[in-house]
Structure formats: C-alpha cells, structure tokens
Amino acid sequence: MARLTLRRLNAMDNALSAMLAGEDNTGDWDEAVTRDDLEAASEWVSAQIAKRVAALKSEGK
C-alpha cells in the first residue's frame with residue numbers, strides 16, 4: 001500500500017471538498033455514498049493532515 005504523503009492527503013482533501021460542494025447524488029460518485037460518508041471521510045483526511053503536519057514540525061522540517 002502506498003504511503004499517504006501530505007501531497008496525497010491534500011489531493012484527497014481537495015477532491016472531497018469538491019464533492020461536498022456539489023449537489024447530492026450528482027457527479028462521479030456512487031449514489032450509495034451519502035453526504036455523511038463524504039463528511040466523515042473529509043474529517044478523517046483533515047485529521048491525518050494535522051497529524052502529518054505536527055509530525056513534520058516535531059522533526060523540524
């Protein structure tokens with residue numbers, strides 16, 4: 001499995017934000033995916049970004 005780099009996490013965050021900005025059940029996402037699913041995924045990605053940034057700061061990068 002590929003490591004979720006900060007670049008990949010930011011790309012995921014941007015994609016989720018774009019999906020959440022659209023109307024429900026439109027676009028390229030499956031109708032089985034609910035807005036709640038997208039919001040939960042967005043929260044998880046945001047938390048991962050925060051963890052990664054904190055780790056980089058503690059490493060002095």
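Setting aside neighbours within four places in sequence, serine 42 is in contact (heavy atoms within 4.5 Å) with Asp13, Leu16 and Leu20. This is a predicted model, where local features need pLDDT of at least 70, side-chain atom pairs count only at pLDDT 80 or more, and totals for chains, interfaces and linings use all residues. Residues are numbered from 1 along each chain as its sequence is written, and side-chain values use heavy atoms, leaving out hydrogens and water.

Helices here are DSSP runs of H or I with at least four residues, numbered from the N terminus. The table shows how accessible each of the two residues is; buried means under 20% relative accessible area, exposed over 50%, and partly exposed in between, with a 1.4 Å probe and protein chains only.

| Residue | Relative accessibility | Class |
|---|---|---|
| Serine 42 | 13% | buried |
| Alanine 47 | 33% | partly exposed |

Alanine 47 and leucine 9 are 38 residues apart along the chain, and their C-alpha atoms are separated by 10.0 Å.

Now to the helix pair. Helix α1 (residues 6-21) packs with helix α2 (residues 35-59) at an angle of about 155 degrees, and their axes are 9 Å apart. Axes are lines fitted to C-alpha atoms over the stretch in contact, and angles run from 0 to 180 degrees between N-to-C directions. The two helices are therefore roughly antiparallel, a label for angles over 145 degrees. In the contact of α1 with α2, the residues divide into 13 nonpolar, four polar and four charged.

Terms used. Parallel < 35°, antiparallel > 145°, perpendicular 65-115°, else oblique. Nonpolar A, V, L, I, M, F, W, Y, C, P; charged D, E, K, R; others polar.
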